Amino acid sequence: MKILVCISNVPDTTTRVRFVDDFKKLDASGIQWVINPWDELSLTRALELKDDASTGVKSVTVAHVGPASAEPTIRKALAIGADDAIRVNAEPADAYYVASQLAEVVKTEQFDMIMCGIESSDHNGSTVGGMLSELLNFPSVSAVSNLKIENGQVVINREIDGGKETVLVPTPVVVVVQKGIAKEPRIAAMRGIMMARTKPIKVLEPLAVDTLTEVAGYEMPQPRAACKFIDAENPKQLIDMLQNEAKVL
Amino acid sequence: MAVLVYTENWDGKFKKLSFELASYASKVAEMLNTNSVALSIGKTEAGELEKLGNYGVNKIINAQGEGLDKLDNQVFTKVIADFARKEGATVILLANNNTGKALAPRLSVNLKAGIGSGVSKLPLSTSPFVVYKRAYSGNAFAKLQIKTDIRIITLAQNSFELIEKNASASIENETVQVDKSMVKTHVQEVQKQSGKVLLTDADIVVSGGRGMKSPDNWAPLVELADLLGAATACSRPVSDEGWRGHEEHTGQTGKIIAPNLYFAIGISGATQHLAGVSSSKYIVAVNTDKDAPVFEAAQYGIVGDAQKVLPKLVEAVKEIKSK
Ligand SMILES: Cc1cc2nc3c(=O)[nH]c(=O)nc-3n(C[C@H](O)[C@H](O)[C@H](O)COP(=O)(O)OP(=O)(O)OC[C@H]3O[C@@H](n4cnc5c(N)ncnc54)[C@H](O)[C@@H]3O)c2cc1C
């Protein structure tokens with residue numbers, strides 16, 4: 001089995017985002033770029049599956065749609081343990097554009113399981129994985145919190161409102177993963193970092209694809225009113241304020 | 001033209017989220033001068049479909065058929081896309097929950113429709129069609145233009161006020177033939193927690209962090225939640241360490257919620273935690289450290305030890321409940 005892990009390159013999760021060009025563009029200065037948190041967990045799980053010989057996983061490839069400036073993030077994925085990488089050399093213009101490029105990668109390279117994160121922490125779209133599955137006409141399972149391969153079958157736990165379901169799906173399949181898929185993201189060891197330098201990154205030129213959406217501008221959240229402090233000896237007053245001032249009790 | 005809203009049911013019933021969707025759909029239909037149509041798939045209890053009419057949808061399609069009792073993304077996508085074509089829908093609305101996130105992007109490709117997900121307001125304009133959505137994990141909002149003739153929106157839960165119309169809608173029964181070979185997702189087992197307020201549905205949430213010190217200290221927090229009819233939640237380290245279940249983890253990598261009231265007890269207020277709760281209408285923080293960042297996000301705060309404050313909060317709530 002060959003696994004493809006799709007990774008997005010996002011600002012570090014502690015970044016205080018700022019915008020330029022009249023709030024139309026992210027101010028990228030000083031931003032630390034990282035593998036999208038869910039993609040990091042997804043990669044971790046893929047590598048765990050590969051480590052277990054009984055799963056029959058032969059290789060884990062990462063794919064990214066982005067310019068050359070994203071290569072440090074791809075190298076990091078290789079250092080964590082991916083065997084090789086594919087980069088589609090284009091600005092990730094919108095979710096449909098990205099999914100279309102990834103679909104082409106899957107068609108030419110033939111993967112059995114494609115893993116995507118439930119959302120990327122920049123655009124919060126929750127869309128690329130699902131779009132990819134429809135473009136390929138593959139089955140998809142979303143909200144995946146546990147993934148095993150048993151006797152050549154993909155066994156998944158998916159979250160439903162108020163519970164979970166265990167489902168079986170045939171390959172090829174797109175799985176969209178979330179919390180629970182792996183405990184902690186795997187960290188690159190020194191040896192991995194050394195090895196990553198020589199692992200191949202295949203660069204592909206993009207297909208011509210029209211975008212379906214476009215960001216017209218950004219806004220910052222409304223500043224919140226200052227905190228009112230209540231004496232620790234008198235929480236009754238808090239309950240009173242919640243009831244009569246905020247009117248939420 | 002029409003606005004089509006997919007209203008999922010849970011064991012045959014609708015809930016507040018369904019009515020938020022119906023309200024939103026009827027408002028968007030008004031903006032576009034057209035009708036709103038709710039699509040229900042699978043069995044619902046008697047009297048449930050009618051409830052949707054109260055929130056302004058003009059018509060309800062009740063689609064029934066074998067193979068529609070469990071979610072298969074390909075099957076459901078086809079059913080919704082077929083009805084969208086039949087109704088000439090130019091806007092298709094789903095919830096931004098597990099099901100909506102699974103189906104909306106497939107529909108987007110199927111109908112060549114741009115998608116705005118996690119939308120928290122009515123469209124800012126309909127020509128061009130611009131929606132307002134969460135971006136950078138709650139640190140910003142994006143005005144997203146959807147350039148296609150058909151648009152898909154997923155609505156953030158608890159972000160849109162219900163609009164009751166006391167109207168009624170026509171119900172059309174439709175039988176759907178599902179090609180069995182198309183069903184690829186085989187559900188082996190379903191595990192449900194019963195009797196608990198769902199975190200994503202809750203109006204009030206009481207959440208504990210590492211400042212709770214030990215899993216043995218949770219009793220007064222749970223008691224407070226029970227008294228308030230609230231759901232319980234926790235920060236990531238608390239669920240990572242197994243003090244509480246993963247389903248309670250809120251934040252960037254956990255659940256994103258927007259209750260009316262969120263109690264952050266012994267939670268420092270890291271950006272990644274706030275990313276999941278910053279849409280709460282009110283945040284109350286209890287923390288021993290007066291400089292904890294959580295107080296910047298909170299409207300009400302108590303500087304104090306959770307183990308001392310919680311029992312007093314429980315007493316105070318009991319008092320107002322007994323009145
Ligand atoms: C990629 C990434 C994603 C992440 N995603 C999430 C996420 O989704 N959700 C999340 O929660 N975190 C997330 N984190 C972790 C986050 O950065 C913080 O580490 C975490 O939120 C801290 O949890 P906490 O507030 O419970 O613990 P701490 O930061 O340890 O804070 C404990 C607080 O309790 C207070 N305290 C101590 N004793 C008491 C007492 N007796 N009474 C009252 N207060 C007391 C302390 O003053 C302190 O403020 C993520 C991190 C990364 C890098």
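Predicted model: local features only at pLDDT ≥ 70, side-chain atom pairs only at ≥ 80, totals over all residues.

Colleague: Which residues come nearest to the ligand?

Modeller: B:K213, B:S235, B:S268, B:H273 and B:N287, out of 27 residues around the ligand. Helix 6 (236-240) and helix 7 (271-277) of chain B each give the shell at least two residues.

Colleague: Why is the site called shared between chains?

Modeller: Because the residues surrounding the ligand come from chains A and B.

Colleague: How do the residues of that shell divide by class?

Modeller: Into 17 polar, five nonpolar and five charged.

Colleague: On to the interface. How many residues of each chain are in contact there?

Modeller: On chain A 79 residues, and on chain B 87. The two chains bury about 7,400 Å² between them, with 56% of it on carbon and sulfur atoms. A:D161, A:K179 and A:R224 supply 10% of the area that chain A buries against chain B, more than any other three residues.

Colleague: What makes A:E134 and B:R106 a salt bridge?

Modeller: The rule wants a side-chain nitrogen of Lys or Arg within 4 Å of a carboxyl oxygen of Asp or Glu. Here the side chains of A:E134 and B:R106 meet at 2.7 Å, N to O, so the pair is a salt bridge. Side chains of opposite charge can pair when their charged atoms come close. Across the interface of chain A and chain B the rule finds nine salt bridges, and 47 residue pairs are in polar contact there. Several elements of chain A each supply at least two residues to the side that touches chain B, including helix 1 (37-51), helix 4 (128-136) and strand 9 (140-150). By class, that side of chain A has 39 nonpolar, 22 polar and 18 charged residues.

Colleague: How many salt bridges does the rule give over all chains?

Modeller: The count is 36. One inside chain A joins A:E48 and A:R45, whose side chains meet at 2.7 Å, N to O.

Colleague: Why are A:E48 and A:R45 separated by about one helical turn?

Modeller: Because they are three residues apart in helix 1 of chain A.

Colleague: And what makes A:S29 and A:D27 a polar contact?

Modeller: Their side chains are 2.7 Å apart in that contact, against a limit of 3.5 Å. A:S29 is in the loop between strand 4 (25-26) and strand 5 (33-35) of chain A. Its C-alpha atom is 46 Å from that of A:D240, which is 211 residues away along the chain.

Colleague: Which omega goes with the cis peptide bond from A:T171 to A:P172?

Modeller: Omega is near -5 degrees. A:P172 is found in the loop between strand 11 and strand 12 (173-177) of chain A. Chain B has a cis peptide bond joining B:S127 and B:P128, where omega is about 0 degrees. B:P128 is in the loop between strand 6 (125-126) and strand 7 (129-135) of chain B.

Colleague: What is phi of A:D22?

Modeller: Near 55 degrees, a positive value in a residue other than glycine. A:D22 belongs to the loop between strand 3 (19-20) and strand 4 of chain A.

How values were computed. Residues numbered from 1 in each chain as written. Chains lettered and ligands numbered in written order. Heavy atoms only, no water. Near = heavy atom within 4 Å. Helix = DSSP H or I, 4+ residues; strand = E, 2+ residues; numbered from the N terminus. Nonpolar A, V, L, I, M, F, W, Y, C, P; charged D, E, K, R; others polar. Contact = heavy atoms within 4.5 Å. Buried area = accessible area lost by both parts, 1.4 Å probe. Polar contact = N/O pair within 3.5 Å; in protein donor to acceptor, adjacent residues only side chain to side chain.
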